[in-house]
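Please keep the sequence and the model at hand while reading.

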Amino acid sequence: GEEGTCRAGTTCVGASVAVSRMAEVIRNFTLSSLAGGETEFALPEQDLEDDITYPDDPVRQLTAASFHDVVMDTERDVLVKFYAPWCGHCKAMKSAYMELCDRFEHLPSVVIAEFDATKHKLPKGEAVEGYPTVRLYPAQRPSSTAASSPHTITPIAFNGRREVGEMEAFVRRHAVSLHVLAELKDKAKKLEEEHATAVTEQREEDAAKILADLQEIRKAVAGNELAIPGEKEEKRRTPVFGKRILMEALRKNEETRRQGIAGGA
């Protein structure tokens, strides 16, 4: 079902937690990392602006100037998260959204992007009532009569759980470019069988024509699916915490230390 949102222009009270709780999460995460633990950093929903950043964030950042060129590209399926930095729901889905980007990194026809709706003016025709708002702007089939008119693209709203698996399934279900790619692969497989038959039956002219068509399709597939050498490793993105959280974490750590001394006296 649909998860909560923070209404535009309001304070996200329902999704926020105290700074001390956030500091405790970072403290535990840091101590576990120093001890060689494998504890995953779990970001609770909170209401702190610019206190957590990811230097290696793979998500494409859109601005008012770049929005149209990226989103209205008829050859690409573009998923856009409209967010506000202060929104707890937006922060809570950050890790999952970055992982979603990683899952599609070998497919250049799929773009995972986000748009700070508080920093940039919303493009004409776009309306956002709450954060996060996630929409897919689908590509168009090469044979589509509307392919030359990017303004006809109609976005599809994502209203499911903001988990990487559910978001990935949504993109794969609606991404036109991925459907086209699957069709090309099926066509290539059939042509391979036809070519083998033509060679066996010594129909050289037919075999040459089929091979030429097959090579064109293979070229199209290669252009839409990047080959990543080696076994794909799971990425562990390290967050950078802002001064407010770090100071609170140090204060809490010192408080715990003093309580320990007092208890042992």
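Predicted model: local features only at pLDDT ≥ 70, side-chain atom pairs only at ≥ 80, totals over all residues.

Residues are numbered from 1 along each chain as its sequence is written, and side-chain values use heavy atoms, with hydrogens and water left out. Helices (H or I, at least four residues) and strands (E, at least two) are DSSP runs, numbered from the N terminus.

**The second largest pocket**

- The volume of the second largest pocket is about 460 Å³; a volume is the space filled by probe spheres set on grid points, which are joined across faces, edges and corners.
- Its lining has 21 residues, of which Ile52, Gln61, Tyr83, Lys94 and Glu114 are the closest to the centre.
- On a 1 Å grid over the protein atoms alone, a pocket is an open set of points where a 1.4 Å probe fits, with protein on both sides within 12 Å along at least five of seven lines, and lining residues have an atom within 4 Å of a point.
- Two or more lining residues come from each of strand E2 (52–53), strand E3 (60–62), strand E4 (77–83), helix H3 (88–92) and strand E5 (110–116).
- The most is given by E5, with three residues.
- By class, the lining of this pocket holds nine nonpolar, four polar and eight charged residues, where Ala, Val, Leu, Ile, Met, Phe, Trp, Tyr, Cys and Pro count as nonpolar, Asp, Glu, Lys and Arg as charged, and the others, Gly among them, as polar.

**Helix pairs**

- Axes are lines fitted to C-alpha atoms, for helices over the stretch in contact, and angles run from 0 to 180 degrees between N-to-C directions.
- Helix H4 (residues 94–103) and helix H5 (residues 164–174) have axes that come within 9 Å and cross at roughly 45°.
- H4 and H5 are therefore oblique to each other; angles under 35 degrees count as roughly parallel, over 145 as roughly antiparallel, 65 to 115 as roughly perpendicular and the rest as oblique.
- The axes of H6 and H7 come within 9 Å and cross at roughly 155°, which makes H6 roughly antiparallel to H7.
- The crossing of H4 and H5 is right-handed, whereas that of H6 and H7 is left-handed; a crossing is left-handed if the near helix is turned anticlockwise from the far one by less than a right angle, and right-handed if clockwise.

**Backbone features**

- A cis peptide bond, with omega about -10°, joins tyrosine 131 and proline 132.
- Proline 132 belongs to the loop between strand E6 (130–131) and strand E7 (133–137).
- Glutamine 202, in the loop between helix H6 (176–200) and helix H7 (204–224), has phi near 60°, a positive value in a residue other than glycine.
- Glutamine 202 is exposed, with a relative accessible area of 69%; buried means under 20% relative accessible area, exposed over 50%, and partly exposed in between (1.4 Å probe, protein chains only).

**Residues and their surroundings**

- Arginine 60 lies in strand E3 and is partly exposed, at 44% relative accessible area.
- Arginine 60 and leucine 79, 19 residues apart in sequence, are 10.0 Å apart in space, C-alpha to C-alpha.
- Aspartate 57, in the loop between E2 and E3, is partly exposed, with a relative accessible area of 21%.
- A separation of 9.5 Å lies between the C-alpha atoms of aspartate 57 and threonine 238, which are 181 residues apart along the chain.
- Valine 171, in helix H5, counts as buried at 0% relative accessibility.
- Between the C-alpha atoms of valine 171 and valine 78, 93 residues apart along the chain, the separation is 9.1 Å.
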